[in-house]
Amino acid sequence: MREKFYHIMTFGCQMNEHDSEIMAGLLENMGYREAPKRSDADIILINTCSIRENADKRFFGSLGQLKRLHREKPGMIVGVCGCMMQQEHIIDAIKKKYSWVDLVFGTHNIHELPELITQILNERQKVVSVWQEHRGIFEGLPAKRRYPFKAFVNITYGCNNFCTYCIVPYTRGRERSRRPEDILKEIRELADSGVREVMLLGQNVNSYGLADGFDMDFADLIYAVNEIEGIERIRFMTSHPKDLSDKLIGAYRDCEKLACHIHLPVQAGSDRVLKRMNRKYTRGSYLELIRKLREATEGRIAITTDIIVGFPGETEEDFRETLSLMEEVKYDSAFTFLYSPRPGTPAAEYEDQIPEPVKHDRFERMREILDEGMAENNAVYEGRIEKVLVEGPSRKNRKTLTGRTESMKIVNFEGRPEMIGQIVPVRITEAKTYSLVGEVMEWDTRQ
Ligand code: SAH
Ligand code: SF4
Ligand code: F3S
């Protein structure tokens, strides 16, 4: 029998990346293999994101491109899934304008994928299956992970925070946590299979276990993962400032495997804007967290963030408070966004929307300050020896290897292929704004 192939296109955050790994695992269990190129695929899935308007646009663009391929290859299944599918107006648009799409499913029923495909193959008709709410956590799903040496591990799903700009609580449902024993079992198995670094995933990892009434909180979970033999680095994403506990800050002191980095989205530097965003912390309490984190790590911790400019009603004064906060914190990196109104969220209804040119102007000014801070932070690395988890050949130059320091900085250096997947010591020789250059030190492959 001819081999069958799949191709998955993924938009959005790590949650979606990991969901795609699970879909790939389910498809591999059904006997499908990853397609060498998209046109070879028997099944194409697009895993979508709704976070900003341009994510929606990119999806419809990609779908448009697939129409011809679908027509020319009888029997090819095109499926769409992910956050956009949790919104009714999107499903309506697909039914109307893209009625050739074979399969639509949502974020709560990924585990159904094999049955849905079998149904399409048997009945030769399109299938739409979107659950509006989650119906429990499905453990034990396979995953085909992108890297053999580092892995995403979900710890919570969904979000209860309802920041007024954000669509995620509507597309991912209410927050629920995986049981600690299930998480630790998965990580032990990953460690046994050669994984060195785990990234614990959730929209707000800091509230782990709270809504479910577990007696283990997020900091306890870190301490437990720290004990797992074979794991060398622990990361997590994302951490909401309102729930960042002193106990977690203490884990930076006690847990040697916890990477000395935190991604702590601030979104804005003005209390007025933070309040309208429903973020539930203030500029002052955020800066106090930064102070404590720096104190606990003797200043070593790398701090990254997310910032939105042009939130409705943001005045020049408010925006300057964001800039001054950035100068004060001096971030190691940031994901920076122009506010994008999402239908169905409260902020999309606010009347004081900011004109696009003003948003763009603020965005440029913010990037300048960010770049200055990043260049200054990176300069400190020159001459230091850093432990780098080697990820593979660099994208620009295949002869160069690329990896990440504990603080998440990208380092490019000359090395040997057997270093991929290992943590190697690299002396930093040059600091750039967005990356570091280094040379690998004496390194024993048996390590
Ligand atoms: N749960 C995470 C964020 C997930 S979304 C947290 O709370 O930190 C990732 C980022 O996208 C957010 O931090 C925010 O900066 C940005 N974002 C979300 N909705 C947005 C919108 N409507 N417009 C612009 N940026 C947005
Ligand atoms: Fe969105 Fe806020 Fe939840 Fe993050 S915490 S996913 S920004 S609602
Ligand atoms: Fe996008 Fe959904 Fe993630 S909206 S950012 S893929 S949770």
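How many nonpolar, polar and charged residues does the shell around ligand 2 have? By class it has seven nonpolar, three polar and one charged residues, where Ala, Val, Leu, Ile, Met, Phe, Trp, Tyr, Cys and Pro count as nonpolar, Asp, Glu, Lys and Arg as charged, and the others, Gly among them, as polar.

## Basis of the model

This is a predicted model, in which local features need pLDDT of at least 70 and side-chain atom pairs count only at pLDDT 80 or more, while totals for chains, interfaces and linings use all residues. Residues are numbered from 1 along each chain as its sequence is written, chains are lettered from A and ligands numbered from 1 in the order in which they are written, and side-chain values use heavy atoms, with hydrogens and water left out.

## Domains

The domain assignment, which is automatic or taken from a database, gives domain 1 (4-129), domain 2 (145-259), domain 3 (262-379) and domain 4 (385-440). Between the C-alpha centres of domain 3 and domain 4 there are 29 Å, and their contact (heavy atoms within 4.5 Å) takes nine residues from domain 3 and eight residues from domain 4.

## Ligand shells

Around ligand 2 are C159, N161, F162, C163, Y165, C166, V168, P169, Q203, H240 and R279, a residue being near a molecule if one of its heavy atoms lies within 4 Å of it.

The shell around ligand 3 consists of C13, N16, C49, S50, I51, C83, V168, R172 and Q203, and divides into five nonpolar, three polar and one charged. Because domain 1 and domain 2 both give residues to this shell, ligand 3 lies between them.

## Packing of helix α8

Helices here are DSSP runs (H or I, at least four residues), numbered from the N terminus, and their axes are lines fitted to C-alpha atoms over the stretch in contact, with angles running from 0 to 180 degrees between N-to-C directions. The axes of helix α7 (residues 218-226) and α8 come within 8 Å and cross at roughly 20°, which makes the two helices roughly parallel, a term for angles under 35 degrees. On the α7 side the contact is made by F218, A219, D220, I222, Y223 and N226, and on the α8 side by K247, L248, G250, A251 and D254; these residues divide into six nonpolar, two polar and three charged.

Helix α8 (residues 246-254) also packs against helix α10 (residues 283-296), at an angle of about 25° and with the axes 8 Å apart, so α8 and α10 are likewise roughly parallel to each other. This contact joins D246, I249, Y252 and R253 of α8 to L289, K292, L293 and A296 of α10, with five nonpolar, no polar and three charged residues.

Definitions and conventions. Parallel < 35°, antiparallel > 145°, perpendicular 65-115°, else oblique.
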